[in-house]
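Have the viewer open and try each task before reading on.

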Amino acid sequence: MSMKKNKNCPMRLHWPIEDVVAFAKRYALTHGLLCLVPDNLDQATMVPFSLFPSPYSYSHFKFIWSIQTAYNRLYNRLSLDDEVLERSLSSVIPIDDFIGRLWRIHRTVPRRQPIQLDLYRNDYMRDTKTDKMRQIEFNTISSAFAGLTGTVADIHKAVLRYALDNCHVRELKINEENTSSKSSIDLILPNNALKKSAEAMVKAFELYNNPRACILFLIVPNERNVCDQNALIDAVEKLQLNIRFYSKTFEQLSDELEYDEKTFNIYLKPSHDEVAIVYFRAGYIPDHYTDEKCWLVREYIEQSRAIKCPTARSQLAGFKIVQEYLTREGIVEKYIEDKDLAGKIRSTFASMFTFDDEQTRNQHIETLRRNLHDYVLKPNREGGGNNKYDDEILPILQNSNGNELSNYIAMEKIHPPVCSTCLIKPNGKHLLHVECINEIGIYGTMVTNVETNEEYINEVTGYLVRTKTTDTNEGGVATGYSVLDCLNFNENTSELAKIFSQKA
């Protein structure tokens, strides 16, 4: 293959697509884009990814990047406002046992740690009807894939250099002028989500002020996403070599967690290591709490001096019904004083409504019944696979009473732009040249002192791109609905898809 790159010549595919796919898979496997096999945790397989970066609007991406620190502050301050939290959650606390238990822990357990660590991810889709970015959800717990998303950009750069003649790959920095040529692929800025997440964790650890303490990752049993999680551990250790890490499940901690009622510290048996930070990669759905011992573990952690990521109140702030409450008049402005910035945040809100108000419930049910294909019904659950679309909504309206409907919010359906790409999946289940849509996640980090209102860190740190076929409604990678991707800001938006669909 010629290594000469001529910007004046058009790009062309140098190898058959089968060879390019094989190269991409080898690169992914050897550079750690991996998760464990479901039925054999001693073996790993690659995480699904796209073969080449998807086209995207540079201006729309810059916009959501520019408002992330304000979004961080919004959710941080909201999580500290008991009055607003209670009003937004009041309809579901009595009928949703999971939310109710988290709320009771928050309200009855004393807070003994002023330092708060938050690792957020704000998910969007671009809406072609309005030409605006619309928020899908704001993740306050277990914001996954910061450890793997940067690897996808590396895969794409390697694939493009291997597969294409006359291809110049450029890493475009935020706010840099986009001067594309026909023979260039302008990738987004280097992805610092992993490094910046590690920096926030190290800062929180230092503020805990015990260098001999440890960091605890609370994980699900038979955890598959260990490569993503261990990437964060590795990144922290590069910054602070002597921190000890442990990964434990709720079930393990029911036997191994020790709570000191005098000092309010928590320790791990048998080493008696003091825990400085508890990072939750579990605990976001009811199934993670298999018995009362697991809930007791959560209570001990919450009332301890350990720094929680997230706290119970931060987790509560991430529920869908709170997302809807933020759309109401004056709520955003209570926390974001800059009117222009508050307006920019509001511009990302899709139209939403709930069913908790008796005066408007019947009206909203009728609106949804007449417009089934214009809305998505979302429950207050994380983890993917829970939303209801189109004809799935009607049985819920017919069979649910008012209380059950209060568990849902209705969100106006977003119509994102369609692109053509190749999805590389394990076991050869690749989808070549299929029409897809993209969901963009923007990572943010915060380290604050809730007693003094000091912000030690408030940063926008990186991005996540998840791509799925147009006939797929859900968006999770771990649940198998989508693949990891990267973005191409070249103005010739469909050029790569055309090139990869041609024969070498």
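The model is predicted.

**Exercise 1.** Decide whether Arg466 is buried or exposed, then find its salt-bridge partner.

*Solution.* Start with accessibility: Arg466 has a relative value of 10%, and because the buried class covers anything under 20%, Arg466 counts as buried. Now place both residues: Asp123 sits in strand 6 (residues 115-127) and Arg466 in strand 23 (residues 454-469), so the pair ties together parts 343 residues apart in sequence.

**Exercise 2.** Which residue does Lys196 meet in a salt bridge, and where do the two lie?

*Solution.* The partner is Glu459, at 3.5 Å from N to O. Lys196 belongs to helix 7 (residues 193-208) and Glu459 to strand 23, and the two are 263 residues apart. As for accessibility, Lys196 is partly exposed at 21%, and Glu459 is partly exposed at 26%.

**Exercise 3.** How many disulfides does a search of the whole structure find? Explain the result for Cys419 and Cys422.

*Solution.* The search finds zero. A disulfide needs two cysteine sulfurs within 2.5 Å. For Cys419, the closest cysteine sulfur is in Cys436, 5.9 Å away, so the gap is too far for a bond. For Cys422, the closest is also in Cys436, at 8.8 Å, again too far. Both cysteines are buried: Cys419 at 9% and Cys422 at 0%.

Note on methods: Residues numbered from 1 in each chain as written. Predicted model: local features only at pLDDT ≥ 70, side-chain atom pairs only at ≥ 80, totals over all residues. Heavy atoms only, no water. Buried < 20%, exposed > 50% of the residue type's maximum accessible area, 1.4 Å probe, protein only. Helix = DSSP H or I, 4+ residues; strand = E, 2+ residues; numbered from the N terminus. Salt bridge = Lys/Arg side-chain N within 4 Å of Asp/Glu carboxyl O.
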